[in-house]
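Hello,

Here is the structure I promised to pass on. Please have a look at it first, and then read my notes below.

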Amino acid sequence: MSNPETAVPECMPVYSHRIARVTSSLENESGDSAFHMHYDGEAPLRVAEEFFGQRAAGEAHCLLDIGCGFGGTVQHLAKSAGVARAVGVDVQEEVIRLAHQLLARCETARANKCVLACADFTTMSCEEVLDLTGRPVSSVISLNTFIHLDETQMVRTFRLLDQVLTADGKIYIEDFYLRGDPADEDRRALATRVGCPYLPTRGEYQRIVQAANSGWKVGFEDISDSYASFARNRLVQSLNVVDLDPVEQEFYRLMDGLLSSGVMGGARIRVECA
């Protein structure tokens, strides 16, 4: 299996602060937190659950989270009685280490459904994925992760999903897309401070997805207003945090600017294989 770098990439500095926050919470035993560090907390999870729907009675439902972070999404979706196995994959070793510690706080029945692995999904083989999932995958979720992939990695990801999904599988993605014409300064900031090497337009997103399987039904919903509102509220709240690291606050300021200006938007992408 892939052997990702253990350190936080230099182009994604905000993750260092998130790791520190989770580590502090664990050390202080401040409660069982799912650490939903994507946009809008658990709201995307409720939308995803509705999209995935109920499987046929008795059918084993396997779910895969690409870019699972601290495992909050995996933990949440494993609550469903219809989920037999929930697998999360993330490229950052320290993040997965903390995710395992958070998972250990779950009630046993839910924790036993969950598998967390440190790996670069974009370089995995079909066999490696199925070794983790134990069966073809019924549902795939990915939240605010594709922003960190280049075009080649996106293409590889969807081609791999085409190999591991059930015939009636579904994919739910929330992420960012390119809406406007970014200045050179914006592109540099995306690459060096957000870890975004490539931001597709709506049309490019749809082309990449359907290049993996032209028979897939792809739904694209613009959720830019929701993302811009979240980013603005997060920035405003951060201004009242006295000891917030300047790097983290500057990241919030950058994301607020890109979303409020219309250069970047939020997208909800639903893919149905059947």
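**What I found**

The protein has eleven helices and seven strands; these are DSSP runs (H or I of at least four residues for helices, E of at least two for strands), numbered from the N terminus. Please keep in mind that this is a predicted model, in which local features need pLDDT of at least 70 and side-chain atom pairs count only at pLDDT 80 or more, while totals for chains, interfaces and linings use all residues. Residues are numbered from 1 along each chain as its sequence is written, and side-chain values use heavy atoms, with hydrogens and water left out.

Of the 274 residues, 52% are buried (buried is under 20% relative accessible area, exposed over 50%, partly exposed in between, with a 1.4 Å probe and protein chains only). Among contacts (heavy atoms within 4.5 Å) with a separation of 6 or more, 80% are between residues 24 or more positions apart.

**Helix α2**

Let me start with α2, residues 43-52. Its buried residues are Pro44, Leu45, Ala48, Phe51 and Phe52. An α-helix has 3.6 residues a turn, so residues three or four places apart point the same way. The buried residues of α2 pack against β1, α3, β4, β5 and β7. Arg46 and Glu50, on the other side of α2, are exposed. After the helix comes glycine 53, with a positive phi near 70°.

**Two helix pairs**

Two packed helices are described by the angle between their axes and the distance between the axes. Here the axes are lines fitted to C-alpha atoms, for helices over the stretch in contact, and angles run from 0 to 180 degrees between N-to-C directions.

The axes of α10 (224-238) and α11 (246-260) come within 9 Å and cross at roughly 150°. That makes α10 roughly antiparallel to α11 (angles under 35 degrees count as roughly parallel, over 145 as roughly antiparallel, 65 to 115 as roughly perpendicular and the rest as oblique). Their crossing is left-handed, meaning that the near helix is turned anticlockwise from the far one by less than a right angle; clockwise would be right-handed. Residues making the contact include Tyr227, Ala231 and Leu235 of α10 and Phe251, Tyr252 and Leu259 of α11. In this contact of α10 with α11, eight residues are nonpolar, three polar and four charged (Ala, Val, Leu, Ile, Met, Phe, Trp, Tyr, Cys and Pro count as nonpolar, Asp, Glu, Lys and Arg as charged, and the others, Gly among them, as polar).

The axes of α7 and α9 (202-212) come within 8 Å and cross at roughly 40°, and these helices are therefore oblique to each other. The crossing of α7 and α9 is right-handed. Met154, Val155 and Phe158 are among the α7 residues that meet α9, whose contact residues include Tyr205 and Ile208. The α7 contact with α9 has seven nonpolar, no polar and four charged residues.

**A few single residues**

Aspartate 40 is not a glycine, yet has a positive phi of about 70°. This aspartate sits in the loop between α1 and α2 and is partly exposed, at 28% relative accessible area. Asparagine 144 also is not a glycine and has a positive phi, about 55°. Asparagine 144 lies in the loop between β4 and α7 and is buried, at 11%.

Best wishes
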